[in-house]
Amino acid sequence: LVPGGVALLRLTDFQQGTEVYFDNQRVAVVPVQDSWLALAGIGLSKKPGEYQFSIRRSDGLTVNSTVEVKYKAYEEQHLTIKNKRKVNPNKTDMERISRERERKQAAKTHWSDTYPEVDFIWPVNGEISSIFGLRRFFNEQERNPHNGLDIAAAEGTPVQVAADGTVIETGDFFFSGNMVYVDHGQGLISLYAHLSRIDVKPGDRLKRGDILGAVGQTGRVTGAHLHFAVMTNGVLVDPLYLLPEKQPNAPVQLSGGDQ
């Protein structure tokens, strides 16, 4: 229960058609074993304090539940980018970035009624080169906090989709390079960036573990890696909250330096 984290609420006597809101934003309802949970993302900009779940059943009954979000301090990361346009874009770049921002926002807030499976797998094995939430400085200029998980791996390493879903957006983006968005249902979206290639297209249905592309170093990068991000109810959250604690074939290590 921190900015960048997730809030979970067990739903007793869950009925189909029930909608759950967190801070007035509709959130995902997910089946977990024999029960149902509401899964709400807590945005990095959220201040510490009390926030409310609102459970709205189809029969008209509404029940509220309050949770308290705690403070969390995130560390800084300083990176040197050789391509200075990736730090200070020119006018033409800014026009492109503006167009891409609309596509990103549409993907980020996409909603489908499918109940998602949240049994995620690691999309690629490798050293974690940059963790979620870092305050980032590119060429000593402060930029937005790091909103995903960077996993360093050799260029060309196959990238797996973390869970069942449908591809909703692909393309070459100015900062993110080759990128794929996958909808898992109920506003739960995963994102895979800086790919060397994209093997899927919008509308493709994927099963957990299917290959959607390969690790690369396209966009704003300092080396080959996968930028993996997860968003729900329109906000980005730390992917580590949804991933298994350990990678299946590689140790999880933390280091700085890569984007």
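Predicted model: local features only at pLDDT ≥ 70, side-chain atom pairs only at ≥ 80, totals over all residues.
1. Sheet order. Four strands make up an open sheet, arranged as β3-β2-β6-β7 with antiparallel pairing.

2. The pairing of β6 and β7. Strand β6, residues 49–56, pairs with β7 in the antiparallel sense over 8 bridges. Glycine 49 has valine 69 of β7 as its bridge partner, while arginine 56 is bridged to threonine 62 of β7. These two strands form a hairpin with 5 residues between them. In the turn, glycine 60 has a positive phi of about 100°.

3. The pairing of β2 and β6. Strand β2, residues 19–22, pairs with β6 in the antiparallel sense over 4 bridges. Here phenylalanine 22 stands opposite phenylalanine 53 of β6.

4. The largest nonpolar core. This core holds 30 residues. The members that touch the most others are Phe120, Val180, Val182, Tyr192, Leu212, Leu226 and Phe228. Two or more residues come from each of the elements β12 (149–152), β15 (177–185), β16 (188–198), β18 (211–215) and β19 (225–232). In soluble globular proteins, nonpolar side chains tend to be buried together.

5. Another core, of 16 residues, lies apart from the largest one. Among its members are Ala7, Phe53, Val67 and Val69.

6. Surroundings of phenylalanine 228. With residues up to four places away in sequence left out, phenylalanine 228 touches Phe120, Pro123, Gly148, Leu149, Ala162, Ser190, Leu191, Tyr192, Pro239 and Leu243. Of these contacts, Phe120 and Tyr192 are also listed with phenylalanine 228 among the core members that touch the most others.

7. Glutamine 247. This residue is placed in the segment after β20 (235–237). Is glutamine 247 buried or exposed? Its relative accessible area is 6%; since buried means under 20%, glutamine 247 counts as buried. The side chain of glutamine 247 reaches the backbone oxygen of glycine 126 at 2.7 Å.

Conventions. Residues numbered from 1 in each chain as written. Heavy atoms only, no water. Pairing = 2+ DSSP bridges. Core = buried A, V, L, I, M, F, W, Y, C linked by side-chain atoms within 4.5 Å. Buried < 20%, exposed > 50% of the residue type's maximum accessible area, 1.4 Å probe, protein only. Contact = heavy atoms within 4.5 Å. Polar contact = N/O pair within 3.5 Å; in protein donor to acceptor, adjacent residues only side chain to side chain.
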